[in-house]
Amino acid sequence: MSTDSVTAVILAAGEGRRLAPLTNRRPKPMVPVANRPLLEHVVEAVTATAIDRIVLVVGYEQERIRNHFGDGDDWDVTIEYVEQATQLGTGHAVLQAEPVVDGPFVVLNGDRIVDPSVVSEMRDRARGGDLPAMAVTTAVSPRQYGVVTLDGDRVTDIDEKPEGPVATNRINAGVYAFSPAVFDAIRETHATGELAITATLNDLAGRERLSAVRYDGRWLDVSNLWDLLAVNAGLIDEASAAETAGASLGESVTVADDVALAGNVRVGPNVTVGGSTAIGSNATVEAGAVVENAVVFPDAVVGAGAVVRDAIVAGNARVGPNATIAGGPATVVVGDAVHRDVELGGVVGDNAAVGAGATLTDGAVVGDDVRADAGVVIDGRVESGAVVRRG
């Protein structure tokens, strides 16, 4: 059997509500890190293994994905699409690929960055018939993921986001190798609420061998807004050199080594671009500004003298002159969860405008299309479309 006979199915239908407002207009896999969508990093991990056919499972804001990847020619791969019209879980998402998959296949998450090595290993498992199989890695905070219990190289249990103490730091890496038999197994799975692929895998582990593939390479997950900064920093650091080709730099500009500047970026005089920063295409950083540990989306503007640290500035947003996002540890509320001491200075949503001299306190999140007057102090979360006035 040739490598050509193994298809990669990438799950990219989700919305990513915990990343709002960044996902109000784009699906989570299209949020940029290191100036490229998360999903592009995943696609390149697949194409590096000589797999030449990818099926993208799309749903929420799917046109963003279809328009970016097209038929896959730019990556020398054939890309096909299937739709998950309603996001009913990862198992349900895998099931949508059944009409276009007739042989062994690997499955990846479209928002989780891994090395090509684990894709190659899972491809070989698929070719060799050692199925089903799942990659297992380790995490500092395993309770945030699916905690995996092993018996040698066999998975015996997957406990999704357990509330109590855990006895291991081994987690589900979200990369799988299957035969088409998994489709019937998914249909036979009884689950309350969304149908997760892990529910099917737990069923399978109880009655047959579910092989574990141990993986200790790169595993970058974006679950919350501050994860975007960490993943962006990790990807830029791997490049090991500043990327400034195509950018226009003014006089006396300081650019750290671990910076990525996309094409047509305009940087004014006396600007400091600190480490772990990515600035997207057609963005502008005006004279005297400081931008550090930041993700600046395409077409955004950072005004003269502004300070933007540990922050995300989304597409076509404007941070006014002398505005401040100071950065540092923050407490951020996401749904019912309170996250303390996370590195997030602030977030400015798409098309938002933060006025001159305004200040975002640590962890502030400004929604899309917000208009904030000059000199205001923004604390907490501002809903999309709001107007923030002084006094």
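Buried here means under 20% relative accessible area, with exposed over 50% and partly exposed in between (1.4 Å probe, protein chains only). Helices (H or I, at least four residues) and strands (E, at least two) are DSSP runs, numbered from the N terminus. Welcome to a predicted model, in which local features need pLDDT of at least 70, side-chain atom pairs count only at pLDDT 80 or more, and totals for chains, interfaces and linings use all residues. Residues are numbered from 1 along each chain as its sequence is written, and side-chain values use heavy atoms, leaving out hydrogens and water.

Let us begin with α1. This helix is mostly covered, with eight of its ten residues buried: L38, L39, E40, H41, V42, V43, A45 and V46.

Its partner is α2. The axes (lines fitted to C-alpha atoms over the stretch in contact, with angles from 0 to 180 degrees between N-to-C directions) of α1 and α2 come within 11 Å and cross at roughly 50°.

| Helix | Range | Residues in the contact |
|---|---|---|
| α1 | residues 38-47 | L39, E40, V43 |
| α2 | residues 62-69 | I65, H68, F69 |

Now to α4, residues 116-128. Its 13 residues reach 18 Å from first C-alpha to last, close to the 18 Å expected at 1.5 Å a residue; the expected span is 1.5 Å times one less than the number of residues. V118, V119, S120, M122, R123, R125 and A126 are buried in α4. Their cover includes α1, along with strands β6 (105-109), β7 (112-114), β8 (133-138), β11 (170-178) and β12 (211-214). Just after α4, G129 takes a positive phi of about 85°.

Notes. Contact = heavy atoms within 4.5 Å.
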